[in-house]
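These are my notebook entries on one chain. I set down what I looked up, entry by entry.

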Amino acid sequence: MTVAKLVFAPAVLAITIASTGCSPSSPPPPGKPMETLVPAVEKNSDSKTQYPTQWLGGQTLTVAPGVHVLGEISPSAVHAIETDDGIILIDSGGDEQARGVRESLLSVGLRLDDVRYVLITHAHYDHVFGVNKIREMSGATVAAGKDDCDVLRSADLPALYSVFPKISYSGDPIAVDVELQDGDTIELGGVTIEAIATPGHTPGSTCYLLNKDGQEILFCGDVISSIDFGPATYAAKLSPKYRGDADAFVATVDRLLQRQPPDLLLTGHPRQQKRLQSIRLDPATWKGLLEPARAELQAIADRHRRDGADFLDGSPKQIEPGLYYLGDLDGTAVYGLLREEQLFVVNAPGGEGLVEFLRTQLESLGVTHTAPAAILLTSDSPEARSGLASVAKSTVVVAPRSVADSLRAEGYVVKTPADADAAMPLPVEVTELPIGLCYSYSTDGKTVLLTPAAPRNLSLVWKNRLNGRKTMGDLQPQMSDLITELNAAANRVVDYRKTLETLSRFEPDVWLPSLPLTDQNANLYDDDWHDTLENNLRPVETLERRF
């Protein structure tokens with residue numbers, strides 16, 4: 001066996017693999033049945049037509065001579081490339097023990113021991129958690145985009161998990177032997193793969209271009225997550241701590257649009273596909289995947305520049321003139337509204353620590369600290385009002401009727417939405433909900449809405465690039481937490497539905513929830529509010545049918 005070698009050149013790194021050419025071909029006509037797999041005795045045949053061109057993602061397939069999609073691995077695929085000197089894997093899957101990778105390789109007659117390279121498309125858990133086990137069992141060299149290597153080597157779990165389920169992981173650093181830059185090549189056993197830097201989904205996102213047996217094959221990770229959904233643009237909408245970047249992603253899509261489509265497009269999440277799809281794209285379909293995503297990414301970048309990237313991520317910030325997000329205290333977000341030198345504080349968690357929290361957070365924003373003129377509660381829960389113990393009893397407290405009498409008995413000056421003869425005017429409209437209170441007001445043509453723990457940011461919306469349809473992807477444990485809460489009391493489902501129905505009358509541009517999830521952006525666009533209400537209604541309807 002020959003030994004792979006690294007060859008450095010200006011801005012180019014070479015490592016060793018098998019190579020092929022390129023000629024675009026049109027997808028089969030709609031309705032063409034799935035083609036059968038090539039028998040093992042014919043696996044080295046040069047005929048492209050013997051391999052499947054239409055497929056569902058959730059199966060292991062040989063799609064070209066010596067090129068296999070290990071599609072049964074969930075949720076992301078691993079790809080295997082045969083060479084004369086061993087196997088190259090694209091990604092490693094999310095199972096730390098790599099069991100699925102071993103089994104899928106065996107199903108196409110390959111052994112994990114023969115893996116020589118693992119090429120990582122990007123630093124997300126479902127693509128990388130199997131790396132260490134594969135390296136341990138095979139001695140493989142691991143390579144990844146340079147700007148993702150620190151996250152991998154430090155096992156930065158928030159960055160690796162993003163907003164997705166926290167599957168089990170030991171927390172061990174993820175080994176990376178080679179840092180790849182744009183144009184670097186990997187060579188092994190007569191095969192050559194080019195690394196194409198495609199940042200945006202993560203800073204180090206990398207596509208891998210293989211030329212083999214007269215075909216150009218592009219392994220694209222989540223830069224194009226599936227043929228249904230195209231580029232995984234959701235990352236550009238998230239807080240910077242998750243490392244997505246709209247501007248970088250726009251540049252990546254522009255670069256892809258300048259290319260002709262590859263002969264075969266192998267995506268990171270083929271299981272997202274719900275119907276037969278061709279992995280051979282004509283130029284029109286290639287553009288149909290990429291151009292809508294580019295428009296969406298450009299809109300995200302423009303909005304962040306115009307409105308601010310107002311992520312509710314624990315860091316104090318001004319959201320609108322005189323409106324401040326002060327961070328989270330004991331799991332509840334605290335907001336400040338400054339009007340004519342009067343401070344109105346929304347939510348009062350933190351017990352005796354609330355006043356000091358307010359002072360520290362306001363000073364960090366350059367706002368002179370002043371005692372609250374009023375506390376605006378969104379909830380009747382003890383945790384959301386425990387901070388009242390640290391404010392003067394003369395402070396006006398706006399509270400739900402369910403706790404108004406008990407707070408008055410404790411000596412507080414309490415106002416409810418039903419109090420018409422309020423001692424002081426408020427800079428917001430107050431609406432009583434079955435679950436707490438919400439507050440709204442308008443500023444500079446925008447409607448601001450502050451809510452209790454309903455609704456919640458608990459789903460991602462995926463849009464099919466080819467037909468425009470939406471799919472709701474539930475976030476966990478956010479969705480399961482809500483279902484558990486709704487199940488806790490007989491009337492909770494009814495109250496939650498009525499709360500959602502009342503909130504549907506609003507059309508907010510800025511949404512400030514008492515329970516920010518996934519460091520969500522305060523700014524709403526397009527159908528964001530409607531989608532949020534719809535996502536919250538789905539578990540309600542499920543439980544209603546069950547009852």
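**Entry 1. Basis of the model.** I worked on a predicted model, in which local features need pLDDT of at least 70, side-chain atom pairs count only at pLDDT 80 or more, and totals for chains, interfaces and linings use all residues. I numbered residues from 1 along each chain as its sequence is written, and side-chain values use heavy atoms, with hydrogens and water left out.

**Entry 2. Aromatic pairs.** I looked at phenylalanine 129 and tyrosine 161 and found an edge-to-face pair, because the ring centres are 5.6 Å apart and the planes stand at 90°. This pair links distant parts of the chain, 32 residues apart: phenylalanine 129 is in the loop between α2 (125-128) and α3 (131-138), and tyrosine 161 is in helix α5 (residues 157-161). I took helices (H or I, at least four residues) and strands (E, at least two) as DSSP runs, numbered from the N terminus. Both phenylalanine 129 and tyrosine 161 are buried; here buried means under 20% relative accessible area, exposed over 50% and partly exposed in between (1.4 Å probe, protein chains only).

I next noted tyrosine 325 and tyrosine 335, whose pair is tilted, with 5.7 Å centre to centre and 45° between the planes. Tyrosine 325 belongs to strand β18 (residues 323-329) and tyrosine 335 to strand β19 (residues 332-339), ten residues apart. Tyrosine 325 counts as buried at 0% relative accessibility, and tyrosine 335 is buried with a relative accessible area of 1%. I also recorded one aromatic cluster formed by Tyr125, Phe129, Tyr161 and Tyr169.

**Entry 3. A charge over a ring.** I found lysine 393 over the face of tyrosine 412, at 4.9 Å from the ring centre. The criterion is that NZ of Lys or CZ of Arg is within 6 Å of the ring centre and within 35 degrees of the ring normal.

Entry 4. Is histidine 68 buried or exposed? I found it buried, with a relative accessible area of 2%, in strand β5 (residues 67-70). The side chains of histidine 68 and glutamate 82 are joined by a polar contact of 2.6 Å. A polar contact is a pair of N or O atoms within 3.5 Å; within protein, one must be able to donate a hydrogen and the other to accept it, and residues adjacent in sequence count only if both atoms are side-chain atoms. Leaving aside neighbours within four places in sequence, I listed the residues in contact (heavy atoms within 4.5 Å) with histidine 68, among them Leu61, Val78, Glu82 and Leu110.

Threonine 60 is in strand β4 and is buried, with a relative accessible area of 11%. Its side chain makes a polar contact of 3.2 Å with the side chain of glutamate 72.

**Entry 5. The seven-stranded sheet.** I traced an open sheet of seven strands with mixed pairing, in the order β4-β5-β6-β7-β8-β9-β10. Two strands pair if DSSP finds at least two bridges between them. Why is one side of β4 (60-64) and of β10 (178-180) left without a neighbour in the sheet? Each stands at an edge and has a single partner strand.

Strand β8 (residues 115-120) and strand β9 (residues 141-145) pair in the parallel sense over four bridges, and leucine 119 has alanine 143 in β9 as its bridge partner. Helix α1 (residues 99-107) packs on the sheet and touches β4, β5, β6 (78-83), β7 (86-90) and β8, its direction making about 140° with that of β5. Helix α3 also packs on the sheet, touching β7, β8 and β9, at about 160° to the direction of β8. For such angles, axes are lines fitted to C-alpha atoms, for helices over the stretch in contact, and angles run from 0 to 180 degrees between N-to-C directions.

**Entry 6. Strand β25.** I found six of the seven residues of strand β25 (residues 437-443) buried. Strand β24 (residues 429-432) runs antiparallel to β25 and is joined to it by four bridges. Five bridges join β25 to strand β26 (residues 446-451), again antiparallel.

Methods:
Rings of Phe, Tyr and Trp (its six-membered ring) pair if their centres lie within 6.5 Å; planes under 30 degrees apart count as stacked, over 60 as edge-to-face and the rest as tilted.
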